[in-house]
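These are my notes from an afternoon of looking things up in one structure. I begin with the chain as a whole and then turn to the sheet and the cores.

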Amino acid sequence: MPSDSQVRVLYVGGTGRSGSTVVANALGALDDAVSVGEVRYLWERGITENRLCGCGQRFANCPFWQQVLDTAYGTDVPNAHEVHRRLTEVTQLRTLPGFLRSPAEASQAPADLADVLRPLYAAIATVSGASLVVDSSKLPTYAGVLAGVDGLTLDVVHLVRDPRAAAFSWKRTKEQPDRGRPGLMEQRGVVKSSVLWTAWNAGLERAWRRSQNYTRVRYETFAAHPAETIALLADFVGHTGADRVVDDEGRLHLPPNHTVAGNPARMSAGPTPVRLDNEWATAMNRREVRVVSGLTAPLLGRYGYPRAVGAPDQED
């Protein structure tokens, strides 16, 4: 267990369009926990672009985040553009090989970033009053940075979703109310989404699989059995309250949150249905399905996904 001076972070890792927003918010509903979204984007989407917080207010008007910044830095808030530039520099795909050692062997985070991130996460814990900070930043490289920050202790939930479903989601046109005005979420082609799905998932597992602070769960399992999955993850982090997160109808009961970036679903609170979206299996272009299946083949079987569409799903 971490000492009183350490902040415990539950890191939801994997790739985009894998259901991390709803899973993280469900974990934030556990006793003594708080979900704060993709903290790696705080500097860009929160401070610089002043997008909407999960509470519905713009970042600059959200009392929670303004108190966090004041607690962490007082009147000397780091330059948001520079912090975002440095985080992008050290967490992009080409840096992944440097993070493939186990957490116990990981080197220290760059001093300039450690000096920024250490007080930030401590302030989140202090202001929220929670002993567990749920961060859905996903990238294994950002998890590697956090693992090298003195004062932070990481537990990693590796969330995996069928790459065909993720690729289909990336191609969809989706509204993004994050800016508080009409806009669309980022879109990616199937080749890019497949390459990143393979790289990020393989990288996260390789770096953390030998750690007692690592567990893996499929989004499909969560969607089919939300109560059982949340109970298992609650046991993993040693927190109670899982019985209150999912009701008898399988709906999540999510508290209001202060998430900074993520799927528009982060704006939801109260009873929230869990839905497994498998539209890709019938609506996705067959050639694109074959492309995704081919590019992600090394991990499909490992994670229990059939290579051929229509084949029976497998359990981990």
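What percentage of the 316 residues in the protein is made up of buried residues? I looked this up with the caution due to a predicted model, and found that buried residues account for 53% of the 316.

**Entry 1, overall form.** I counted 14 helices and seven strands in the secondary structure of the protein. I then checked the radius of gyration, which is 19 Å and close to the 20 Å that the globule rule gives for 316 residues, so the protein is as compact as a globular protein of that length. Along the principal axes, the C-alpha atoms fill a box of roughly 55 × 45 × 40 Å. For the accessible surface I noted about 13800 Å², with 50% of this belonging to carbon and sulfur atoms. I also looked at contacts between residues at least 6 apart in sequence, and 76% of these join residues at least 24 apart.

**Entry 2, the sheet.** I traced an open sheet of five strands in the order S2-S3-S1-S4-S5, with parallel pairing. Strand S2 (33-35) and strand S5 (214-218) stand at its edges with a single partner strand each, so one side of each is left without a neighbour in the sheet. From one strand to the next the twist averages 25°. I followed the pairing of strand S4 (residues 152-160) with S5, where the two run parallel and are joined by five bridges; within it, His158 has Arg216 of S5 as its bridge partner. Packed on the sheet I found helix H10 (residues 226-237), which touches strand S1 (7-13), strand S3 (132-138), S4 and S5, and whose direction makes about 155° with that of S4.

Which residues have the most contacts inside the largest nonpolar core? I listed Trp43, Trp65, Leu120, Tyr121, Ile124 and Tyr142, in a core of 52 residues. Among the elements that each supply at least two residues of this core are S1, helix H2 (42-48), helix H3 (63-73), helix H6 (140-147) and S4, while the largest share, 10 residues, comes from H5. A second, separate core holds 28 residues, including Ala33, Ala234, Leu254 and Val274.

Conventions
Residues are numbered from 1 along each chain as its sequence is written. This is a predicted model: local features need pLDDT of at least 70, side-chain atom pairs count only at pLDDT 80 or more; totals for chains, interfaces and linings use all residues. Side-chain values use heavy atoms; hydrogens and water are left out. Two strands pair if DSSP finds at least two bridges between them. Helices (H or I, at least four residues) and strands (E, at least two) are DSSP runs, numbered from the N terminus. Axes are lines fitted to C-alpha atoms, for helices over the stretch in contact, and angles run from 0 to 180 degrees between N-to-C directions. Contact means heavy atoms within 4.5 Å. A nonpolar core is a set of buried Ala, Val, Leu, Ile, Met, Phe, Trp, Tyr and Cys residues joined through side-chain atoms within 4.5 Å. Buried means under 20% relative accessible area, exposed over 50%, partly exposed in between (1.4 Å probe, protein chains only). The radius of gyration is taken over C-alpha atoms; the globule rule is 2.2 Å times the number of residues to the power 0.38. Accessible areas come from the Shrake-Rupley method with a 1.4 Å probe; for residues, only the protein chains shown count as cover.
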